[in-house]
Amino acid sequence: MNQAPGNYGTIKRTGEKALGIIGSIFNVIGIILSIILITSLSGFEGSQMQMQLEEEIRNDPNLTNPQDVEMTLDMVNSFVQGFDILGWIVVVLLVVSTVFAILAITKLKTNEKANTAGIFFILAGVFAGILSLTSILFYIAAIMCFVRKPPLREDELMGYGNEPADRNDTATREDDTPYRPL
């Protein structure tokens, strides 16, 4: 073994931490952009820009029927109002995702908590959006938490009394068939 005696059974979780930090940064950027978009659209109602948009819809030569014009105006207004609510839901979900990611990163300080960190990374990925770039980073970090295991210490490889553990290396044949796997 090339490791120092104090380092037996430890593994560095730098990759998982880096993916968690990058995903958290993407979440914070998403939160900031969502808040900017929400505040800019909330100022849209009753503004000069909304009046210009309504005037352009009314003057559109493709919309000749007055019911079509009113329906289009109602759709635009409902989109702006609905995006306000949906935008705040997205912000809350991204905040929850960021909290789970930070919890996962802090759990990675000890190797015994790697499975818990993996669960937190999966939760962070779900709250960040099922298939977004951020969630994929969190899923990769979770897989790494579950799959990467620390190497066995020398005393775990040895049996009782510092003797090598018994291994049965003899291959026995249980069936008598001419067909053998490659």
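**Entry 1: overall make-up.** Reading from the N terminus on, I found the elements of the chain to run α-α-α-α-α-α, and the secondary structure comes to six helices and zero strands, where helices (H or I, at least four residues) and strands (E, at least two) are DSSP runs numbered from the N terminus. I note that this is a predicted model, in which local features need pLDDT of at least 70 and side-chain atom pairs count only at pLDDT 80 or more, while totals for chains, interfaces and linings use all residues. Residues are numbered from 1 along each chain as its sequence is written, and side-chain values use heavy atoms, with hydrogens and water left out.

**Entry 2: helix α1.** I checked the length of α1, residues 14-42, whose 29 residues should span 42 Å at 1.5 Å a residue, and the end C-alpha atoms are 42 Å apart, which agrees; the expected span is 1.5 Å times one less than the number of residues. The buried residues of α1 are E16, L19, G20, G23, S24, N27, G30, I31, S34 and I38, and what covers them includes α3 (66-107), α4 (114-127) and α5 (133-147).

**Entry 3: F138.** I then turned to F138, which lies in helix α5 and counts as buried because its relative accessibility is 0%. Leaving aside neighbours within four places in sequence, I listed the contacts of F138 as L19, G20, G23, S24, N27, S97, A101, F121, A124, G125 and A128.

**Entry 4: α3 against α4.** The axes of α3 and α4 come within 8 Å and cross at roughly 165°, which makes α3 roughly antiparallel to α4. Axes are lines fitted to C-alpha atoms, for helices over the stretch in contact, with angles from 0 to 180 degrees between N-to-C directions; angles over 145 count as roughly antiparallel, under 35 as roughly parallel, 65 to 115 as roughly perpendicular and the rest as oblique. On the α3 side I noted residues including L93, F100 and K107, and on the α4 side residues including T116, F120 and F127.

Note on methods. Buried < 20%, exposed > 50% of the residue type's maximum accessible area, 1.4 Å probe, protein only. Contact = heavy atoms within 4.5 Å.
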